[in-house]
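The stops below go from selection to selection.

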Amino acid sequence: MLYAWSSSTQIPFLGVTAHFIEPVTWKFQSLLLGFERLEGSHSAQALGRVLITVLEKFHVAGAIRAITANSASVNTAMFRNLKGEGHLSGFKQVDSHVRCMGHGINLTVQTLLKAFHTTP
C-alpha cells in the first residue's frame with residue numbers, strides 16, 4: 001500500500017506498507033517497508049524510483065501482486081511505467097492497481113457536501 005503524506009512543514013513523504021498472510025502460521029501480517037522523503041518532482045518516474053528502491057531493499061519486487069493507492073493519474077502512470085520496465089514481474093497494471101476505497105468514499109462525501117453548500 002502506498003501513502004503520500006506531507007508534514008505540517010510541507011515536507012513530502014511516501015509510505016510503503018506490505019500486507020500478507022504468513023505461509024507457516026497463516027497469520028495476517030502488516031509491515032512498514034519504507035517512509036521515504038520525496039525530493040523534487042512528484043512525477044510517475046520519481047515516485048516509481050522511490051517505490052522500486054524500497055521493494056528491492058527487501059527483495060520483494062517480484063512478489064508484488066497488487067498495490068493499493070488512490071486513483072490519482074500519477075499512480076496509474078507510475079504502475080504502467082514500472083510494469084513496462086519489467087520491475088514488477090507479477091504485477092498486471094490493469095487489475096493489480098487497487099484503488100483505495102477510503103479515498104473514494106472521502107471524495108464522494110466531499111462532493112456531496114459541496115452540493116449542499118455545507119462543510120464537514
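Two strands are said to pair if DSSP finds at least two bridges between them. Helices (H or I, at least four residues) and strands (E, at least two) are DSSP runs, numbered from the N terminus.

This is a predicted model, in which local features need pLDDT of at least 70 and side-chain atom pairs count only at pLDDT 80 or more, while totals for chains, interfaces and linings use all residues. Residues are numbered from 1 along each chain as its sequence is written, and side-chain values use heavy atoms, with hydrogens and water left out.

**Whole chain**

Start with the protein chain in cartoon view. Its secondary structure comes to 4 helices and 5 strands, and from the N terminus on the elements run β-β-β-α-β-α-α-β-α. Of the 120 residues, 32% count as buried (buried means under 20% relative accessible area, exposed over 50%, partly exposed in between, with a 1.4 Å probe and protein chains only). Switch to a surface: the chain exposes about 8,000 Å², and carbon and sulfur atoms supply 61% of that area. Such areas come from the Shrake-Rupley method with a 1.4 Å probe; for residues, only the protein chains shown count as cover.

Select residues 2–6, which are β1, then 12–21, which are β2, then 28–37, which are β3. Together they give an open sheet of 3 strands in the order β1-β2-β3, with antiparallel pairing. β1 and β3 are the edge strands, each pairing on one side only. From one strand to the next, the twist averages 20° (axes are lines fitted to C-alpha atoms, for helices over the stretch in contact, and angles run from 0 to 180 degrees between N-to-C directions).

Between β1 and β2 there are 5 bridges; look at Ser6, whose bridge partner in β2 is Pro12. β2 and β3 pair over 9 bridges, and here Ala18 has Leu31 of β3 as its bridge partner. Follow the chain from β2 into β3: the two form a hairpin with 6 residues between them, and Trp26 in the turn has a positive phi of about 60°.

**The ring pair**

Show side chains for Phe13 and Phe35. Rings of Phe, Tyr and Trp (its six-membered ring) pair if their centres lie within 6.5 Å; planes under 30 degrees apart count as stacked, over 60 as edge-to-face and the rest as tilted. The structure holds 1 aromatic pair. Phe13 and Phe35 form it, stacked, at 4.7 Å centre to centre with 10° between the planes. Phe13 lies in β2 and Phe35 in β3, so the pair ties together parts 22 residues apart in sequence. Is Phe13 buried or exposed? At 16% relative accessibility, Phe13 counts as buried, whereas Phe35, at 45%, counts as partly exposed.

**Helix α1**

Next select 44–57. This helix, α1, lies across β1, β2 and β3 and runs at about 130° to β3. α1 has 14 residues and reaches 20 Å from its first C-alpha to its last, close to the 20 Å expected at 1.5 Å a residue (the expected span is 1.5 Å times one less than the number of residues). Its buried residues include Ala44, Leu47, Val50, Leu51 and Val54. Just after α1, His59 takes a positive phi of about 55°.

Finish at Ile64, in the loop between α1 and β4 (67–69). Ile64 is buried, with a relative accessible area of 17%.

Methods. Contact = heavy atoms within 4.5 Å.
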